[in-house]
Amino acid sequence: MQFQLKSKFKPTGDQPEAIKQLVKNLKSGTKDQVLLGVTGSGKTFTLANVIQKIQKPTLVISPNKTLAAQLYQEFKEFFPNNAVHYFVSYYDYYQPEAYIPQSDTYIEKDAKINEEIDRLRHAAVQDVTTRKDVIVVASVSCIYNIGSPENYENISLELRLRQNMKRKDFLFLLTSLQYQRNDIEFKPGTFRVRGDIVEIYIVTGEKLLRIEFSGDTIAKISEAKPGTVANYKLINENYKLFPAHFWVTPQDKIKIAVGNIKLELEEKLKQLKGQGKLLEAERLEQKTNYDLEMLQETGWCHGVENYSGHLEFRKPGSPPFSLIDYFNYFNPKGSLMFIDESHISVSQIRAMSVQDKIRKQTLIDFGFRLPSAIDNRPLTFAEFEKRQNQTIYVSATPADFETKKSGGHITEQIIRPTGLLEPAIEIKKTENQIKSLIEEIKKTVENKQRVLVLTLTKRLAEEISDYLAERGIKTQYLHSEIKTMERPEILKNLREGKYDVLVGINLLREGIDLPEVSLVAILDADKEGFLRNKTTLIQTMGRAARHLNGRVILYADKMTFSMKSAIKEISRRRKIQQAYNKKHGITPKTIVTDIRDWGFSKKEDVAEEFWAVHDKKLLEKEMKTAAKNLDFERAAEIRDLITKLNKK
């Protein structure tokens, strides 16, 4: 299928020339180029037009999950008939495994996986393997290891009508794909068996698959949407079933990998014992042998990614397989990469492997992991660059790196089609800045407009938010400790007026689309540093550039170099827009965008809904059987599930 761009708008302002130049460079083979686009100039629309004209699979890398969510929604609206996906870290909470030698403190890996995001990740990867009209919007975590694309493809199960296969062999294959049998609670990544019928809840959560056997032959293949009343429709073509986990290795290769892991373990134990580290040796032996037993029995274990080098037969020190490798493996003719807010994203990508290596090396030195665990890591920056296809770096403030790498291929998009100017800037003293802030907030809120307040720390953001709330101002804070799925909902609530003020640190900078915000207040603007440098100040000021009355207040006692540079650049851009407006007779208008429903908000569990319709009687029968067998704990679990379903 071809990319089909749908929009009621046509390119205007700087957009037509920007699209023309970017496409021309791509077609001529330019590897790297920059789109310098200011806030509100329609950068995403420009990129959508580029995708439409080039017709290649596209990976969009964003610096954080919140901005990735916004971009995902925008691209999904531009390409409603194509495959647009969201791929970010699936942890709501993540504490990596670590060891602190100074205090002899071992910190076990502790994480809460968001099952909805996990399903979205699988959906993204599966479409990358099967479609060419695919756009994946990802956070920088896409450079982490997710397993070999070759293994992922080879272990996938191809199902076809009248295929000779025994039901027991099929169930074994399902288990080897890491689908779990669960006849009580049917949910993504599970299957259930009823006689000659096997029902599978696809790991992406998008559909149910039913396989009907007649003797040793697949007689029927049908599918249905979760939650529907047994509305299965027959499938006449073949169906490819992908693994329920990314790190899945064929059984014949697992035996070889286990043997190699044992050899490495023997070598490391000999080394530790030779150093007199008997405790470390015992610890490593016990932990590794337990994992090996799980691998041999089930093909998977907790922390299986730490053995990924062996399971993928990679040489020590060789790069892991990331989402980028899937794009390259399944698209030999090439794909596109957009790095959004590149001034931040590139720095993050550069630092990730260094930080990961330091933590892992300590675990290895003290017997918590084998040396090969260090090969479960993100790509180094050099490895990332080697895998890049044609790339467009997108930023209102591109850094020196991408400017130099583009070799002068910089396309500016300064003009806003709406005619909006860069915000007016005012500097106020820090003395009594909170009192002044409250007065400015009240004036803004009276006009039914919103406010962003930028602080230097999370704690200060929370304290100011609480302080404003005590004074009757509808306020909420937003920082990195707010769960992924809650952040877009908070931004939506601000736009709808449930909050009038949002207080944050750096999540309220790059790319956030909040046209109702007319005031951005930056506290302690003269504290020179990362959060108050030229780039950050320009990005933060840009949050007020989507409103006709946009203004910025810098609370500062002195004029820093960063402040002076940022104000100068804002002034330059303001003059360019003023000249354009005068030439074309444009009257500035506030940007109006729809308030989108966040597509991944909490939903009723469709699996439970399905069971409620179909199998409540089976559950009751199972409960009575468990009670009859004196398995009261099992009976109580089923009773609670039935009660929960009845309430729903």
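Me: Which residue of S24 stands opposite Val451?

Reply: This is a predicted model. In it, Val451 stands opposite Leu519 in S24. The two belong to a pair of parallel strands, S21 (residues 450-454) and S24 (residues 517-522), joined over 5 bridges.

Me: In what order do the strands of the open sheet lie?

Reply: The order is S20-S25-S24-S21-S23-S22, which makes 6 strands with parallel pairing. Strands S20 and S22 (475-478) are at the edges with a single partner strand each, so one side of each has no neighbour in the sheet. On average, neighbouring strands are turned by 20 degrees against each other, direction ignored.

Me: Which strands does helix H16 lie across?

Reply: Helix H16 (residues 487-496) lies across S21, S22, S23 and S24, and runs at about 150 degrees to S22. Helix H15 (residues 458-470) lies across S22 and S23 (501-504), at about 175 degrees to S22.

Me: How do I read the side chains along a strand?

Reply: In a regular strand, side chains alternate between the two faces of the sheet. For a case here, take S13 (208-214). Of its 7 residues, 5 are buried, so S13 is largely enclosed by the rest of the structure.

Me: How many bridges join S13 to S14?

Reply: There are 7 bridges between S13 and S14 (residues 217-224), and the two strands run antiparallel. Leu209 stands opposite Glu223 in S14. The hairpin of S13 and S14 has 2 residues between the strands, and Gly215 takes a positive phi near 65 degrees.

Me: How many residues lie between S12 and S13 in their hairpin?

Reply: That hairpin has 6 residues between its strands, and Gly205 in the turn has a positive phi of about 80 degrees. S12 and S13 pair in the antiparallel sense over 5 bridges. Ile197 stands opposite Glu212 in S13.

Me: How do I read which way the residues of a helix point?

Reply: An α-helix has 3.6 residues a turn, so residues three or four places apart point the same way. In helix H6 (residues 167-176), the buried residues are Phe170, Leu171, Leu174 and Ser176. What covers them includes strands S9 (157-159), S11 (190-194), S12 (197-201), S13 and S16 (239-241). After H6 comes Gln178, with a positive phi near 75 degrees.

Me: Why does the end-to-end distance of H18 agree with its number of residues?

Reply: At 1.5 Å a residue, the 24 residues of H18 (residues 561-584) should span 34 Å, and the end C-alpha atoms are 35 Å apart, which agrees. Gly585 follows H18 and has a positive phi, near 60 degrees.

Me: Which residues of H18 are buried?

Reply: They are Ser562, Met563, Ser565, Ala566, Glu569, Ile570, Arg573, Gln577 and Asn581. Among the elements that cover them are strands S1 (32-37), S20 (424-428) and S25 (551-555), together with helix H17 (534-541).

Me: At roughly what angle do the axes of H1 and H2 cross?

Reply: The axes of H1 (residues 15-27) and H2 (residues 43-54) cross at roughly 40 degrees and come within 9 Å. The two helices are therefore oblique to each other. The crossing is right-handed. On the H1 side, the contact is made by Gln15, Ala18, Ile19, Leu22, Val23, Leu26 and Lys27. On the H2 side, Phe45, Thr46, Asn49, Val50, Lys53 and Ile54 make the contact.

Technical notes: Residues are numbered from 1 along each chain as its sequence is written. This is a predicted model: local features need pLDDT of at least 70, side-chain atom pairs count only at pLDDT 80 or more; totals for chains, interfaces and linings use all residues. Side-chain values use heavy atoms; hydrogens and water are left out. Helices (H or I, at least four residues) and strands (E, at least two) are DSSP runs, numbered from the N terminus. The expected span of a helix is 1.5 Å times one less than its number of residues. Buried means under 20% relative accessible area, exposed over 50%, partly exposed in between (1.4 Å probe, protein chains only). Contact means heavy atoms within 4.5 Å. Two strands pair if DSSP finds at least two bridges between them. Axes are lines fitted to C-alpha atoms, for helices over the stretch in contact, and angles run from 0 to 180 degrees between N-to-C directions. Angles under 35 degrees count as roughly parallel, over 145 as roughly antiparallel, 65 to 115 as roughly perpendicular and the rest as oblique. A crossing is left-handed if the near helix is turned anticlockwise from the far one by less than a right angle, and right-handed if clockwise.
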